[in-house]
Amino acid sequence: MTVHPSLQNYADAWTHAVESIAELVQPLVEGEWNRATPCPSWSVRDIVSHVIGMETEMLGDPRPIHTLPRDLYHVKSDFARYMEMQVDVRRHHTAPEMTSELEYTMIRRARQLRNETRSPETRVRAPLGAEQTLEVAMRMRAFDTWVHEQDLRWALNRPGNLDSPGAQITRDVLLEALPKVVAKDAGAPPNSAVVVDVHGPLEFLRTVRVNADGRGSIDGSPSLGPIVTLALDWETYYRLACGRVRPGAVADRIKVDGDQELAAAILREFAVTP
């Protein structure tokens, strides 16, 4: 049990997701580690490498000294380059090396979490030499690990855990970004409302309201006259918001009522992860 209850939820969600990842990859034979995943340009091995790398950074380990190849065409930003380092350095690791490093990293992180006494507001390292609070860091690790667990489930055809603790944290993280998507990115008009109605393992209804100044806010109460209503299942919602699929590929899973042009703009801007 960590000292601060606000951190415990994130620790529990991360533990559930990372243990699920370990369980998924433990029985894989060598060739299965090279399977493509919905995470653009990353294989099963790459995703596990990323998870290991991010957790070692939470432990305070030094980053690997490694030069990225020049032909990684999916690496188009400093952030992507930063993330790719921990991945590329493990690209030739064998299945036993991957599973043993993952297990060792999980043991170390579990011990760190068990002994965690720092305040949620403590500043800790973040990607690209930045800093973030411990609470934000743990929240983002729970979110990131659950999304990558789902990437692996897609690649290995092992669906599950769509309503787990990590799924609920992912829902909250993605919903925080929705007002900007609707009001700023998609350009919903002032004094309008957009309703998103999600069904499936996680069910929720949220209304994004755009005020007279064009700023968006979000709440759980329905709108009497929304300009757009989007109804879709939770799996499609998170896949769109995490950039795992384009709207056109899942059009049959999205029901649109209202302004079709604005709805198309919202869906076009729906992906919020880097």
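This tour visits selected salt bridges in a predicted model. Across the whole structure, a search finds 24 salt bridges.

**First stop: D46 and R91**

Select D46 and R91 and display their side chains, which meet in a salt bridge with an N to O distance of 3.1 Å. D46 belongs to helix α2 (residues 44–58), whereas R91 sits in the loop between α3 (78–88) and α4 (95–114), so the contact ties together parts that are 45 residues apart in sequence. D46 is buried, its relative accessible area being 5%.

**Second stop: R141 and D144**

R141 counts as buried at 8% relative accessibility, and D144 counts as buried at 17%.

Select E235 together with R253; they form a salt bridge in which the closest N and O atoms are 3.8 Å apart. E235 is in helix α8 (residues 234–241) and R253 is in the loop between α8 and β7 (254–258), so that the pair links distant parts of the chain, 18 residues apart. Is E235 buried or exposed? With a relative accessibility of 18%, E235 counts as buried, because the cut-off is under 20%. R253, at 35%, counts as partly exposed.

**Last stop: a network**

Finally, select D46, E84, D88 and R91 together: salt bridges that share partners join these residues into one network.

Notes: Residues numbered from 1 in each chain as written. Predicted model: local features only at pLDDT ≥ 70, side-chain atom pairs only at ≥ 80, totals over all residues. Heavy atoms only, no water. Salt bridge = Lys/Arg side-chain N within 4 Å of Asp/Glu carboxyl O. Helix = DSSP H or I, 4+ residues; strand = E, 2+ residues; numbered from the N terminus. Buried < 20%, exposed > 50% of the residue type's maximum accessible area, 1.4 Å probe, protein only.
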